[in-house]
Amino acid sequence: MAAFKTLDDLNDIAGKRVLVRVDLNVPVKDGKVTDTTRIERVAPTILELSKKGAKVILLAHFGRPKDGPSAEFSLSLVAPSVEQVLDHAVLTASDCIGEAAASAVAKMNNGDILLLENTRFHKGEEKNDPDFTKALAANGDIYVNDAFSAAHRAHSSTEGLAHHLPAYAGRTMQAELEALEKGLGNPVRPVVAIVGGAKVSSKIDLLMNLVKKVDALVIGGGMANTFIAARGTDVGKSLCEHDLADTAKQIMIEAATAGCAIVLPEDGVVAREFKAGAANEIVSIEAIPDDAMVLDVGPKSVDAVKAWIERATTLVWNGPLGAFEIEPFDTATVAAAKYAAERTKAGKLTSVAGGGDTVSALNHAGVAEEFSYVSTAGGAFLEWMEGKELPGVAVLSANR
Ligand code: AMP
């Protein structure tokens with residue numbers, strides 16, 4: 001039994017008003033949606049409920065409006081793309097509560113889909129204000145949350161509503177939670193984590209949590225320099241947070257106590273300029289020239305990363321191994337990603353990856369589709385990796 005209710009637990013919903021929290025926070029340029037990935041992700045839940053005859057009422061935030069309603073942050077900009085992706089008519093309302101919402105809901109037929117206006121046009125949303133939550137709840141009989149990416153926020157539409165209405169996880173939320181459970185919640189061991197990216201400072205909680213949960217932690221990217229420098233090795237002009245030497249040491253101590261192997265690069269690809277095609281050379285990590293910076297981990301390190309991936313049954317990945325946006329410093333990230341994809345395809349590995357730049361790095365390597373699960377939920381995915389309880393998820397579990 002899942003730790004939360006899903007659409008499988010929802011029967012006889014014809015004619016019921018189902019409030020569905022979705023992530024429609026899509027990028028828009030010149031008034032046009034430029035990427036419909038987020039809409040595609042929530043489409044299965046919306047269409048399933050509509051086919052079952054529910055009145056599907058969508059709740060979402062869009063951008064960061066500061067002072068109430070504005071044309072710039074109106075979900076009416078997104079509605080045409082929702083219609084297109086769903087291949088189904090989408091009704092709209094000029095507010096998410098009050099008379100405008102109530103009259104739009106009252107006009108709905110079974111199976112209709114209605115997109116209410118941006119929840120963040122009301123200050124109560126982000127304050128999880130009980131009066132605002134009640135006003136939202138007035139238009140629904142059932143609450144479905146399909147917005148994992150907003151689950152780290154305790155807002156009215158992501159958390160509050162579950163206290164007022166029977167609450168269920170949508171299909172995307174369900175898939176995300178099941179994948180995360182396999183990744184770190186209840187993984188098949190050995191579990192290896194790869195953490196890269198620019199800085200230790202943005203990932204201290206994440207590293208501290210991982211060393212307690214995984215069998216090996218592979219550290220790459222700019223943040224590896226901070227660990228290497230903390231060990232007493234000169235890192236030249238590399239990106240390095242020298243002031244975090246004690247934190248890095250503490251993470252290594254915690255790892256040793258927990259029996260987690262810390263895997264740092266043995267070699268690096270160094271350059272004198274941070275730009276594509278910059279002249280570069282491979283050096284031992286103990287011999288970084290004073291005037292050079294490490295922009296990628298070297299071939300010996302890549303072999304070591306691959307060996308850890310080969311040993312692993314479960315892989316959790318956040319952050320690139322090098323400055324992957326500028327060639328050839330994408331080499332290690334691409335090689336490791338391809339190998340993880342190969343092991344996954346061979347049925348030897350469960351691979352879960354996520355966090356902003358990781359998704360673009362895996363897309364760049366052309367293997368995002370081949371991982372077991374790639375989360376597009378930036379902040380929520382990172383908080384999950386940090387071991388934090390996500391309010392939007394906790395409240396669904398409490399409703400079980
Ligand atoms: P993050 O958002 O923390 O995952 O960091 C991702 C960024 O780290 C990417 O923009 C990479 O270019 C950058 N990065 C990775 N490795 C290095 C490195 N060795 N030196 C400088 N930047 C790096």
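**Stop 1: the ligand shell**

Select α8 (221–230) and β14 (293–297): each supplies at least two residues of the shell around the ligand. Helices here are DSSP runs of H or I with at least four residues, strands are runs of E with at least two, and both are numbered from the N terminus. This is a predicted model, where local features need pLDDT of at least 70, side-chain atom pairs count only at pLDDT 80 or more, and totals for chains, interfaces and linings use all residues. Residues are numbered from 1 along each chain as its sequence is written, and side-chain values use heavy atoms, with hydrogens and water left out.

Now show the 15 residues around the ligand. A residue counts as near if one of its heavy atoms lies within 4 Å of the molecule. Which residues come nearest? They are A198, K203, V294, E325 and D357. The shell divides into seven nonpolar, five polar and three charged residues. Ala, Val, Leu, Ile, Met, Phe, Trp, Tyr, Cys and Pro count as nonpolar; Asp, Glu, Lys and Arg count as charged; the others, Gly among them, count as polar.

**Stop 2**

Look for pairs of N or O atoms within 3.5 Å. Start at E325: an N or O atom of its side chain is 2.5 Å from an oxygen atom of the ligand. Next, pick V294. One of its polar backbone atoms is 3.0 Å from a ligand nitrogen atom. Then pick A323, where a polar backbone atom is 3.5 Å from a nitrogen atom of the ligand. The ligand taken alone exposes 500 Å², and the protein buries 82% of that. These accessible areas come from the Shrake-Rupley method with a 1.4 Å probe.

**Stop 3: two packed helices**

Select helix α1 (residues 37–51) and helix α2 (residues 79–86). They pack at an angle of about 65 degrees, with axes 10 Å apart. Axes are lines fitted to C-alpha atoms over the stretch in contact, and angles run from 0 to 180 degrees between N-to-C directions. On α1, the contact (heavy atoms within 4.5 Å) is made by I39, E40, A43, I46 and L47.

**Stop 4: backbone details**

Go to P190, in the loop between α6 (171–185) and β9 (191–195). A cis peptide bond joins R189 to P190, with omega about 0 degrees. Then select P328, in the loop between β15 (314–318) and α11 (331–345). Its cis bond is with E327, and omega is about 5 degrees.

Key
A polar contact is a pair of N or O atoms within 3.5 Å; within protein, one must be able to donate a hydrogen and the other to accept it, and residues adjacent in sequence count only if both atoms are side-chain atoms.
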